[in-house]
Amino acid sequence: MADTLTYALGFLTAGLSLAVAGCAQFPRWETARNGVDEAIRCESEVVVSRQSEQIRYRGDLTAQGLWAVRRLSQGRPISTLVISSSGGEINLGMDFGDWVFERGASVVVDEFCLSSCANYVFTAGWHKTILPRALVAWHGSARQKDLPDQLARVVDDQVKALALAGDGQQRERDKRIREVTDYLTKSIARQDAFFDKVGVSEYVTRVGSERYGIKGFYFMSSHDMARFGIQNLVVPAEYEETDASGFERKLNVPVTRLRLANDDAP
C-alpha cells in the first residue's frame, strides 16, 4: 500500500529524473486495442491509456506514470481522468493534481482513490464522480502532526543499520534529519498553496486521525466532503453506507466511515 511515510522516504533516496528518463526510453506501447487509442505500461503495476478525450490511470502515482499521462495528453484536449490509485509521494501527488487542475479536467474514481490520490488528484477535479462500489479515502498529508516523529524514527533505524563507527553515525543521522526537515518544509508550503488554489480545506486529509483517532483510512459522505470545500460531486445514493470490508482485505488496513459531528468545522 502506498502511504505518505513510505513515499516521503522514497523520494529522498530515489532519482526521479532517472525514473522519468527510463520510462521515456523503455515504455511498452499498446495501440488500437479494445477501443483504446493508446496505452503505456511503464511498470508492471501502472497502466495509462487514452481514449478520445479521456485518460485512464491505474496504479500508484509514480514519476513514470506522470510521464505517460503527459505523453498521451500532449497536444490533445483531455476532459476527464478516470483513476484507480492507492496514492504516492506527496509532491508527485500534487504534480498529478496540478495537471488535472490546469486542464480543467473532471475526475472519475472507478475503484479507489486513496492517500495522495484523494488529497491532490480527486480534490483538483472540476467535477468529481465516484462510481458505484468505488471509494475515496484519506489518512494524512504533509501537515499530519505525527509525520516528523515517524520519519525521525525511520531515519534512526536506517542509520543504525549502517553500523557506522565513531561520530559517523551521528553525522549521518543529522544529515538525514536535515534532508527530511527540508523536504517537509517545502512540501508543506507547496501543499498549502495547492489547497488554496483548488479551494479545499487541507484538514480533510487528517481530520479523521487527528480529531477522531481513526487508524488507517477514512471516507465520508458527499455532505461532509462539501464542508471541506469539495464541490461538484456525484456519488452513488448509497455511498456513505459503502461496505469497506473488501477494501480492508485488499489493502490490509482498516477503512472507516467518518461521520462529522454537527458542530465540526474544517
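What follows starts with charged pairs and moves on to a pocket, a disulfide and some loop residues.

Mentor: First, some ground rules. This is a predicted model, where local features need pLDDT of at least 70, side-chain atom pairs count only at pLDDT 80 or more, and totals for chains, interfaces and linings use all residues. Residues are numbered from 1 along each chain as its sequence is written, and side-chain values use heavy atoms, with hydrogens and water left out.

Now the charged pairs. Side chains of opposite charge can pair when their charged atoms come close. A salt bridge here is a side-chain nitrogen of Lys or Arg within 4 Å of a carboxyl oxygen of Asp or Glu. The structure holds 18 of them.

Start with glutamate 38 and arginine 76. Their side chains meet at 3.2 Å, N to O. Glutamate 38 sits in strand E2 (residues 36-43), and arginine 76 in the loop between helix H3 (63-73) and E5, so the pair ties together parts that are 38 residues apart in sequence. Those labels are DSSP runs numbered from the N terminus: helices are H or I with at least four residues, strands are E with at least two. How open to solvent are these two partners? We use relative accessible area: buried means under 20%, exposed over 50%, and partly exposed in between (1.4 Å probe, protein chains only). Glutamate 38 counts as buried because its relative accessibility is 14%. Arginine 76 has 26%, so it counts as partly exposed.

Next comes lysine 197 with aspartate 98. The closest N and O atoms of this salt bridge are 2.6 Å apart. This pair links distant parts of the chain: lysine 197 is in helix H7 and aspartate 98 in helix H4 (residues 90-103), 99 residues apart. Lysine 197 is partly exposed because its relative accessible area is 34%. Aspartate 98 has 15%, so it is buried.

A further bridge joins arginine 259 to glutamate 241, with 3.9 Å between the closest N and O atoms. Distant parts of the chain are linked again: arginine 259 is in the segment after E11, glutamate 241 in the loop between strand E10 (233-234) and H10, 18 residues apart. Arginine 259 is partly exposed, at 48%. Glutamate 241 is exposed, at 53%.

Salt bridges can also join up. Arg56, Arg58, Asp110, Glu111 and Lys250 are linked in a network.

Rolling a probe the size of a water molecule over the atoms shows where empty space is left. The search runs on a 1 Å grid over the protein atoms alone: a cavity is a set of points where a 1.4 Å probe fits but cannot get out, a pocket is an open set with protein on both sides within 12 Å along at least five of seven lines, and lining residues have an atom within 4 Å of a point. Grid points are joined across faces, edges and corners, and the volume is the space filled by probe spheres set on the points. The second largest pocket has a volume of about 230 Å³. Twelve residues line this pocket, and the closest to its centre are Glu45, Val46, Arg58, Gly59 and Asp60. Strand E5 (80-85) and strand E6 (106-114) are the elements that give two or more residues to the lining. By class, the lining has two nonpolar, four polar and six charged residues. Here Ala, Val, Leu, Ile, Met, Phe, Trp, Tyr, Cys and Pro count as nonpolar, Asp, Glu, Lys and Arg as charged, and the others, Gly among them, as polar.

Now the disulfide. It is a covalent bond between the sulfur atoms of two cysteines. The cut-off is a pair of cysteine sulfur atoms within 2.5 Å. A search of the whole structure finds one. Cysteine 113 is joined to cysteine 117, with 2.1 Å from S to S. The angle about the S-S bond is -105°, and the link is left-handed. Both cysteines are buried.

Serine 115 is in the loop between E6 and helix H5 (116-122). Its phi is positive, about 55°, although it is not a glycine. Serine 115 is buried, at 0% relative accessibility.

Asparagine 252 also has a positive phi without being a glycine, about 60°. This residue lies in the loop between helix H10 (245-251) and strand E11 (255-257). Asparagine 252 is exposed, at 70%.

Last, glycine 199, in the loop between helix H7 (168-198) and helix H8 (207-212). Glycine 199 is partly exposed, at 45%. Contact means heavy atoms within 4.5 Å. Leaving aside neighbours within four places in sequence, glycine 199 is in contact with Phe228 and Gly229.
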